[in-house]
Amino acid sequence: MNKSISKVGVLGSGVMGSQIACHMANIGLEVVLLDIVPKEAQNSDDKKARNQIVNGALQKAVKSNPSPVYSKSVIQHITTGNFDDDLNLLADCDCIIEAVIERLDIKQQLFDKVEEHRKKGSFISSNTSGIPINTMLEGRSDDFKKHFLGTHFFNPPRYLELLEIIPSKETDPEVTEFMMHYGRKFIGKKTVLCKDTPAFIANRIGIYSIMTLFHEFGKLGLTIEDVDKLTGPVLGRPKSATFRTADVVGLDTLLLVADNLKKALKNDEAADVFDAPDFIKKMAENEMLGSKSGKGFYKKIKNKKGESEILTLDPEKLEYRERKKSSFQTLEQTKSISDLNERMPVLFGGKDKAGAFYRASFTSLFQYSTRRIPEISDELYRIDDALKAGFGWKQGPFEAWDAIGFESVLTEMEKTDKKPADWVYEMKEKGITAFYKTEKGIRYYYDIDKKDYTEVPGQKDVVVLDNIRDENTVWKNDESTIVDLGDGILNLEFHSKMNTIGQEIIQGINTAIDMAEKDYNGLVISNTGDNFSAGANVGLIFMFAVEQELDELEFAVRTFQNTMMRVRYSSIPVVVAPHQMTLGGGCELAMHADKVVAHAETYIGLVEFGVGLIPGGGGTKEFALRLSDSLKDGDVRINAFRDKFLTVGQAKVAKSAHEGFELGYLREGIDEVIVSREHQLAYAKQCALNMYEKGYTKPRLRKDITVLGNEALGAVYVGANSMLSGNYISKHDQLISQKLGYVLSGGDLSEPTQVDEEYLLKLERKAFLELCMQKKTLERIQSLLKTGKILRN
């Protein structure tokens with residue numbers, strides 16, 4: 001379908017409507033956001049009064065945390081109005097998304113009005129999470145029916161990856177295909193095709209899993225803390241695990257979905273699971289709903305010392321008690337196993353309560369998932385995709401089963417009378433004992449209808465490291481891997497804890513550049529970790545400083561700087577593709593690349609000031625260089641200097657890649673933002689290839705960097721002294737500020753002067769080393785290491 005979307009209408013400005021509107025503006029669309037006229041303004045001619053609901057809702061959304069917008073500037077692309085006066089604004093919208101209250105009669109009444117204004121051929125969808133899509137077709141025109149489907153965003157829409165696409169019986173297949181593609185590539189979501197069944201896919205399986213735990217954990221003698229310990233990161237799931245997630249979502253919201261499922265599921269063998277246990281119902285009656293009511297499974301209080309303390313609910317007494325530490329031998333056995341696939345069979349086979357819990361919960365989940373095919377989906381991979389994108393799981397049910405082992409899971413299911421669906425036995429009879437396989441970089445899933453493997457769709461326009469790593473690795477050490485992406489482009493990925501940059505990753509960067517310069521055409525630096533990089537290995541710096549190993553420390557800092565300069569001045573193009581946290585040394589790496597292709601959700605910044613240091617891997621130098629490049633005749637130079645100084649001095653972190661441009665971490669006209677994480681590596685590879693094919697030439701070393709000298713340094717000293725006098729900063733903070741200002745201004749120079757990069761790197765290195773040896777810096781680093789706020793790698 002040769003269609004495009006440039007303007008979208010959103011109907012309803014509630015929590016979801018406002019945030020969907022914000023995200024549509026995030027990706028560059030013009031947005032119309034409409035809602036009802038307040039009762040008190042029905043007879044008023046005052047436009048402001050008539051739009052009070054929609055404007056108030058949008059303002060509230062923009063102020064929420066986390067923010068629904070990449071940058072405050074996107075708000076100017078949202079036009080607000082109301083259903084009585086402004087439905088005509090929908091006339092030139094290419095797509096209309098309905099997100100009003102979950103009542104079929106209200107939706108149908110609104111669609112009646114929309115029909116009068118929408119242009120023929122425009123897409124229209126409902127963001128419903130509970131009303132059958134097909135029931136909304138009554139009274140609609142043929143063109144409306146043809147272009148109508150469900151688009152179920154998960155809350156919050158900017159951050160959660162899942163977008164369920166639910167066609168009706170009348171939806172044109174080309175419309176469905178277009179929305180699957182558009183949601184994936186342009187909105188940046190994992191689009192999952194769903195059938196029009198209660199709660200679709202993710203909530204059907206996800207809520208089942210949660211409700212099962214509510215029913216079963218007490219029988220196993222486990223506490224609430226135990227369950228959250230067992231169902232969090234160790235299982236490849238979010239830190240909020242089960243009960244903390246329920247507190248955040250709200251118990252009332254969770255029970256509403258569960259209750260609706262129980263009523264709607266007439267032929268579901270496990271429908272009773274959606275009936276909450278008594279203690280959960282009593283919690284709801286007592287307004288113990290979670291964060292929104294101040295108490296749920298956990299409750300935050302102030303203890304007798306005035307310190308914040310979190311208490312845990314005793315489900316039998318419905319009273320709060322002090323938190324208990326959870327400890328299981330099975331978890332101890334997995335501490336050294338970083339790979340989730342290798343960890344899963346150990347967890348499943350545990351001999352303690354933890355192992356019993358995993359066997360009970362997984363066998364229930366696997367049984368339920370197999371029996372929902374073909375009811376909610378014809379393809380098993382869609383169930384995995386939905387759970388991963390909607391609930392933040394690293395593995396969907398069928399991927400988890402593969403990781404544990406087909407036969408061991410099946411044996412346990414049969415032993416506990418939780419047999420899977422018949423198609424699993426048909427699969428086994430065919431000699432197939434894995435739901436997925438990967439061959440020659442292509443991933444396949446078991447197709448139940450064909451009784452054989454079928455290629456997972458959507459792989460032709462992406463590069464998936466997990467699919468090619470085994471066959472295409474050309475070099476690796478313990479913390480980095482170099483993979484041949486094809487077409488003469490290499491990829492370097494990190495896999496240290498939090499992808500912190502230590503000696504082995506430095507070795508990986510240099511080796512990748514060596515190999516690319518000799519036999520390839522370009523290099524991409526990207527990885528599949530939760531974060532691109534949390535920065536340099538501060539624990540190593542701390543060790544050298546404490547032991548007074550000055551030569552080793554100086555060598556480590558110099559090596560880091562030289563490596564960053566090698567990234568900048570190699571003879572092949574280097575593209576860095578960051579995502580999520582890109583801090584400290586990770587930010588410095590990005591700042592030295594020929595080009596950055598940043599995922600929209602990249603939180604980038606130089607944060608060294610927070611540990612008592614200045615950026616020492618070329619970051620301070622780079623800010624001085626970028627300041628020089630930004631200076632224009634007639635500018636008030638000291639103001640531009642102040643902006644750069646405060647960005648580093650306040651350790652500002654961009655809350656999106658777009659904000660990274662505003663803070664100066666990314667470069668206008670050079671660096672780019674991509675919304676689709678799935679397409680990021682393929683695009684970064686293409687950018688490196690384009691630079692090579694264009695005729696890439698090694699850049700010249702910069703010798704024309706204008707630094708302001710004492711003109712700026714004087715302002716830094718006056719400002720720092722003033723802040724100290726006002727007790728706004730400590731003596732140590734004053735020292736760090738002066739060191740930062742010294743490097744950024746180019747040192748003690750009587751007038752603005754042109755210097756080269758090596759000059760600035762020497763200043764940066766000297767200041768960094770001096771701060772490393774400060775007692776206050778070491779105390780601050782030690783404290784942060786103890787609390788886990790920075791990592792000892």
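I began at G392, which follows helix α15 and has a positive phi, near 75°. I keep in mind that this is a predicted model, in which local features need pLDDT of at least 70, side-chain atom pairs count only at pLDDT 80 or more, and totals for chains, interfaces and linings use all residues. Residues are numbered from 1 along each chain as its sequence is written, and side-chain values use heavy atoms, with hydrogens and water left out.

Ten of the twelve are buried, meaning under 20% relative accessible area with a 1.4 Å probe, protein chains only; among them are Y381, R382, D384 and D385.

Next I looked up α28 (residues 710–725) and α29 (residues 731–744), which pack at about 170° with axes 9 Å apart; axes are lines fitted to C-alpha atoms over the stretch in contact, and angles run from 0 to 180 degrees between N-to-C directions. The two helices are therefore roughly antiparallel, a term for angles over 145 degrees. Their contact (heavy atoms within 4.5 Å) includes L713 and Y717 of α28 and Q734 and Y742 of α29.

Definitions and conventions:
Buried means under 20% relative accessible area, exposed over 50%, partly exposed in between (1.4 Å probe, protein chains only). Helices (H or I, at least four residues) and strands (E, at least two) are DSSP runs, numbered from the N terminus. Angles under 35 degrees count as roughly parallel, over 145 as roughly antiparallel, 65 to 115 as roughly perpendicular and the rest as oblique.
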